[in-house]
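Colleague: Could you walk me through how this protein is put together? I am new to reading models, so please go step by step.

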Amino acid sequence: MPADTARRRAAVVGLGARARLFTQALAGPYSDRIEAAAFCDVNSHRMAVHNEWIDASVPSYAAEDFGELLRRERIDLVVVTSVDRTHDDYIVRALEAGCDVVTEKPMTTDADKARRILDAVHRTGREVRVAFNYRYNPVHSAVRELLASGATGEVGSVHFEWLLDLRHGADYFRRWHRDKANSGGLMVHKATHHFDLVNWWLGTEPETVYAQGGLFFYGDEAGARRGLARDYTRAHGSPAAKDDPFAVHLKDSPLLSALYLDAEAEDGYHRDQNVFGPGVTIEDDMAVLVRYATGATLTYHLTAYAPWEGYRIAFNGSEGRLELLVEESTWTRSEVAVPGDSAVLHGESAGDTAGRTELTLRRFWEPPREIEVPTGEGGHGGGDVRMLADLFGEPAPDPLGRAANATDGARSLVTGLAANRSFESGGPVRTRDLLDS
Ligand SMILES: NC(=O)c1ccc[n+]([C@@H]2O[C@H](COP(=O)([O-])OP(=O)(O)OC[C@H]3O[C@@H](n4cnc5c(N)ncnc54)[C@H](O)[C@@H]3O)[C@@H](O)[C@H]2O)c1
C-alpha cells in the first residue's frame, strides 16, 4: 500500500473464518496505521461475532447497503474476504469509489469477472492486491531466490503434486465450495495458489493448458459405490452422522458454533453438509499439463482425498534440479473430523501431525546439497504474518516481488479456468482465448 501518514479507513467484506486474520490485524498490530471502519456481510450475526472477538463496535452493513457504506464511512481500502463468486462485484465497486482493494484468493471465479476487474483497475488507477500468502512462506521465498540466482540454470520443466488430506480436502465438499458456481472448483479456488507460485517462481505466464479431472472420491455416486455414504443431509442433529469420520460437528467447536451454527437461521448457510450427499459439482482429482511463455512445461496434480497433506515440487533445469518436499500433516486422525480452530481459521491441516520440509539442490556433477530453510510460525508456513506486514505495515523493499497485483491474480486464474474448460472439451485450451474473448 502507498506510504501515507494519515490513518487509513478499511472496510472488511465477508466476515467468515478467513476474515479473522484481517479483522484481528486491523484491530491489533496495525491499528495505528489503518482502522477497521466498517463491516459488510449478508449475515449480521457473523459481523457481531467479529466485533465481539476484537472487542469493538465496528459499524456493520448488509450486503445490499455496500454502496451506502462506501459513501458514509469515507473508506480508503476494502478488504474482500467473502464467498469467491462475490469478489468481483465488491472489487469493482470499491475501485470505482476511489478505494484500493486487498482481496482474498481466488481474485474471482471466471474470465468475464477477471476482465471486469482488470478493466476497472485500468480505468480508475487504483490498486488491487491479491492475498497470495504462499508467496510469503519462507521456504517458497528460498525457492524463488535459488531459481533467480541460476542455481538450476534455465528451468525446462516443473513437476508439482499437491495433496489435501481427508480432513482439509473434505472441507471443500461440506460447504459452498462444493458448488462450482461459488468457487470455480478446486482448479480455481485452491490451485490459484499453486499456479501463482509457478508463475512467480519462473517469472512467466501460462499459454496452453490441457487437463483431465473428475469426482472420484466424494459425492453421492462415489460414496454409494464404496459404501461410505450415510443417510443425512447435514451433520447437525443427524443420528446417521454421529460416527461418520467425514462429518463435522459444529456444536463441538465453540468457534464453529459461534460463526456458523448460531448464525444459520439468518441465511440457511449449512457448513456441515454430507460430503457424500448430492449436489457436488466440483472435482476432487485433477491432472494438468501446462506450457509457459518461456517454453517451460508443468505437470501438476491435485488430490483432495489423501491420507497425508503437503506437496512435492521438482524443477528440472539446464544445470541441475531443485526438489522440495513439504509434509504439512503425515496422516489424518479420524477423531479430528471436528477441525480445531487453527484449521478453520487458516484453512490448514493438523499442526500436531506436521512432518518435514526438505529442499534439495542437485546440481550436475555435484553431490546433492540440503538447503537449510527458515521455518515460519503461524498459518500457511508463516506466510500469513509476513503478508500482513507487507499489506498493512511500514512500506518496505520487495526484492522478491512478493506483492501480487490484479494482473498476477488474473494470470494465476487462467491456468485453472483453462483446465476447467479442458475438462469439458477434452482438448487443449490457449489461455489467450480465455482473457481476450
Ligand atoms: N489465503 C488463504 O489461505 C485462504 C484461506 C481460507 C479462505 N480464504 C478465502 O477467504 C474467503 C472466505 O473464505 P472463508 O473460509 O472465510 O469462508 P466463510 O464461509 O467462513 O466466510 C464467507 C463469508 O462471506 C459472506 N458472504 C456470502 N455472500 C456474501 C455477499 N454476497 N456479500 C458479502 N458477504 C457475503 C458469508 O456470510 C460469510 O460470512 C474465500 O475467498 C476463500 O478463498 C483464503
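Predicted model: local features only at pLDDT ≥ 70, side-chain atom pairs only at ≥ 80, totals over all residues.

Colleague: How far apart do the C-alpha centres of domain 1 and domain 2 lie?

Modeller: The protein is divided into domain 1 (3-131), domain 2 (134-218 + 280-435) and domain 3 (220-267), with bounds from an automatic or database domain assignment. In contact (heavy atoms within 4.5 Å) are 33 residues of domain 1 and 36 residues of domain 2. The distance between the C-alpha centres of domain 1 and domain 2 is 25 Å.

Colleague: Which are the edge strands of the open sheet with six strands?

Modeller: Strands are DSSP runs of E with at least two residues, and helices are runs of H or I with at least four, numbered from the N terminus. Two strands pair if DSSP finds at least two bridges between them. The order here is S3-S2-S1-S4-S5-S6, with parallel pairing. Pairing on one side only marks the edge strands, S3 (60-62) and S6 (128-130).

Colleague: In S12, what is the bridge partner of Asn-316?

Modeller: The open sheet of nine strands has mixed pairing and the order S14-S13-S12-S11-S7-S10-S9-S8-S15. Within this sheet, S11 (residues 309-317) and S12 (residues 320-329) run antiparallel and are joined by eight bridges. Asn-316 has as its bridge partner in S12 the residue Arg-321.

Colleague: Are helices H1 and H15 roughly parallel or oblique to each other?

Modeller: H1 (residues 19-27) packs against H15 (residues 383-392) at about 55°, with axes 11 Å apart. Axes are lines fitted to C-alpha atoms, for helices over the stretch in contact, and angles run from 0 to 180 degrees between N-to-C directions. Under 35 degrees counts as roughly parallel, over 145 as roughly antiparallel, 65 to 115 as roughly perpendicular and the rest as oblique. The two helices, H1 and H15, are therefore oblique.

Colleague: Which residues in H15 does H1 meet?

Modeller: On the H1 side, the residues are Leu-21, Phe-22, Ala-25 and Leu-26. Their partners in H15 are Asp-384, Met-387, Leu-388, Leu-391 and Phe-392.

Methods
Residues numbered from 1 in each chain as written. Heavy atoms only, no water.
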